[in-house]
Amino acid sequence: MPDRNGTPNAIRAENVCRYYTMGDSEVRALDGVSLEVRESERVALVGASGSGKSTLLHLMAGLDRPTSGTLETQGRNLATMSPEELAAHRRGTVGMIFQAFHLLPRMTLEENVELPLRLAEVPREERAARVREALEHVGLAGRAAHRPGELSGGEQQRAAIARALVNRPSILLADEPTGNLDSRNGEEIMRLIHTLNESLHMTVVLVTHERRLAASFAERILVLSDGRLAAQGPPGDPTIEALQ
Amino acid sequence: MKANDLVELAGRNLRESGFRNSLTTAGVAVGVAALVAMLSLGAGLQGLVTERFARSGLFNTIGVFTARDMRGMERSERRSGVLESNTRPLDDGARKDISALPHVIEVYPEVRLLTDVSFEGRTLFTSVSGLSPSASQNEAFEKMHGRFFSGPEAEEAILHADFARDLLAPANSPGDSFPLPMGPRTGSTPDVTDAQLDSLLGREIVLHYGEREPTPPPTQAPAHPTGRGTRAQNAAASTARGDPASGDSTDDTVSFSVVRRERRLRIVGIIDTEPFAGITASAASRVFLPVGLAEKLHPAQASTLRDIMQAKPSASENYSALVVRVDDPARVQPTQDALKRMGFRTFSLLDATKSLRRVFVIVDLFLAIFGSVALVVASLGIVNTLVMSVLERRREIGVLKALGASDADVKRLFFVEAGVMGTAGGALGVLLGWLIGRVINFGTNIYLTNQDLPHETVVLLPLWLIAGGVAFAIVVSLLSGIYPAARAARLDPVQVLRYE
């Protein structure tokens, strides 16, 4: 569904709740969150620890399902999808990168990047070119045969980005992608994601607790607090600044 | 995920923990080897026994008699009256019809006569039987002196060694006693060497027998007998002047003569054990001749006397019994049924076969149960290995799910890993079981050689056991993979990726 400016929405959440039961008590990780993310937009989800930003990202990724509410990507409600459909959503619509990279250590970069293509049943003869293209995007074409343990943290995260890109998703979900990197490598990764957003027109949702990083990267910042959307606006917006 | 990708990933995962997975696979191999070795032993013993019986012709042979014979053998039919209303003579027409039945490979008459045999001036009384060409496969001819008959009508004879010894025994030895023993000998056997027995080969015996010769009614009887025999007795022209019950007034008097004849036969072989020549014929026979020749002789047999006593004797010569061989013991029952429908009585050792098979099924079952215990233990090893693997690979499973793997993909991956271990273990196990079998065969044959006995295959690995062993290992492995695979598929990727 297009937003008020006429740009189609990549993601639309309406009154999304995610509750967990821990013993006798109920934890409201997300409590009535409504938001929209336009196609090709760069959005940062910020908030304190436990504010619900990672939970929201996992819901967008289709790794989890909302307790109630509607969460749509490309017009399809993730809340009502079957497990198989959610798996297909993870394979085709979204790409994820994590703070801990989560590359499989016994595989080479090439094999790590090929993994989503295997899961998506892409023909074998097509895979090599797709893997090479993804590794070239992140500048690691020359390290294809290396294992993750032989690379620096920055290189590992770039490899993880290549793995997220290889299925050509329309949405890139990044969960604290610079959390395990030094500032120089962190900036390099964010520049890379920015470039990919512009060159591939991918929607990017970045989860971070670093205020400076969110302000430098995102077109719009969404502030979560205690499972609710507390504010949203462009970087530098006084309301946003006040909440962070 | 496609099957080849699953197998590739599973193989990679298994190689990663190579030592542990090799031990698990070795456990499966030992289990399968135990199972295969046990069942091979069962199959070998079964093969040994059934081959002996099959070669004896016991299990694929049916004795066929006219319905008026064999009274009391099938009481239910006699009670029902089927027997009385559906009789048919066992003549050439019947033999032709029986030969045309499906799966029948041989039909020959059972020929047995009690007669005199002369050798170099000595005459001994003994029992003579006809042998079919297929009898050459009989175990009794394995270690014979000389050879089997050169043709179905060759004028040749094979002697039982006891009879041969009696032929060679000096005058007034126990061999001259009359009548000669018909069953197993209980008296002393003349001390005759193998070389002396062999000296009989190529020499001739003279068979004295009574030929049954049909004769026209008494007024037209020929003045002189035919052939080179002498008419010893004009036996018993049996008469039956019509059937009062049916009102038949035709004079159907028939008669035949039993004419004394002689036939010279060359001794071509000497055997130590009695071959199976039919349902009743082989018992205690001491001289054997080709069944084709035996037929040509038209000898008067014990049944001839019975024919005389019948109310309606046949002018043509009927067979006292026919021996029918089928191509497969499993065809005995349907062939027997067909023969009964044709109006004959039948007899086979089918029931004995069934009992024997039942015994072997039970033996196989017990051997399989003992063999399976090791495989059950091995399957617990698979469960343990895969559960450990799930615990160690939680993060990998979470990553796979985050990248788009479904629960079913994760399950399949673990099933394939279990299946690969099962296949490898099964193949190795069959190989190991085969080796164990070879060792047992080798050891057994050393023992048999020392005991001066022929070599035997005690442990036999049939194709079905090779395929079955591997298949069973795969099935057990897949069953073992159910719990670990389900556990892996249940992992919550959010929790795993957050905390691993």
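Between them, chain A and chain B of this predicted model bury about 2600 Å² (the accessible area, taken with a 1.4 Å probe, that two parts lose on being put together, summed over both), and 53% of this area lies on carbon and sulfur atoms. On the side of chain A, the residues that lose the most area to chain B are Arg106(A), Arg118(A) and Leu119(A), which together account for 27% of what that side buries. Counting contact as heavy atoms within 4.5 Å, 26 residues of chain A meet 27 residues of chain B.

Polar contacts (pairs of N or O atoms within 3.5 Å; within protein, one able to donate a hydrogen and the other to accept it, with residues adjacent in sequence counted only if both atoms are side-chain atoms) link 16 residue pairs across this interface, both partners being at pLDDT 80 or more. The largest share, 5 residues, comes from H3(A). By class (Ala, Val, Leu, Ile, Met, Phe, Trp, Tyr, Cys and Pro as nonpolar; Asp, Glu, Lys and Arg as charged; the others, Gly among them, as polar), this side has 12 nonpolar, 3 polar and 11 charged residues.

Glu8(B) pairs with Arg124(A) at 3.0 Å between the closest N and O atoms, a link that runs from helix H1 of chain B to helix H4 of chain A.

Within chain B, H1 (residues 3-16) also packs on H13 (residues 407-450), at an angle of about 65° and with the axes 9 Å apart. Axes here are lines fitted to C-alpha atoms over the stretch in contact, and angles run from 0 to 180 degrees between N-to-C directions. The residues in this contact include Leu6(B) and Leu14(B) of H1(B), with Leu413(B) and Met421(B) of H13(B); by class they divide into 9 nonpolar, 1 polar and 3 charged.

Residues are numbered from 1 along each chain as its sequence is written, and chains are lettered from A and ligands numbered from 1 in the order in which they are written. Local features need pLDDT of at least 70 and side-chain atom pairs pLDDT 80 or more, while totals for chains, interfaces and linings use all residues, and side-chain values use heavy atoms, with hydrogens and water left out.

How values were computed. Helix = DSSP H or I, 4+ residues; strand = E, 2+ residues; numbered from the N terminus. Salt bridge = Lys/Arg side-chain N within 4 Å of Asp/Glu carboxyl O.
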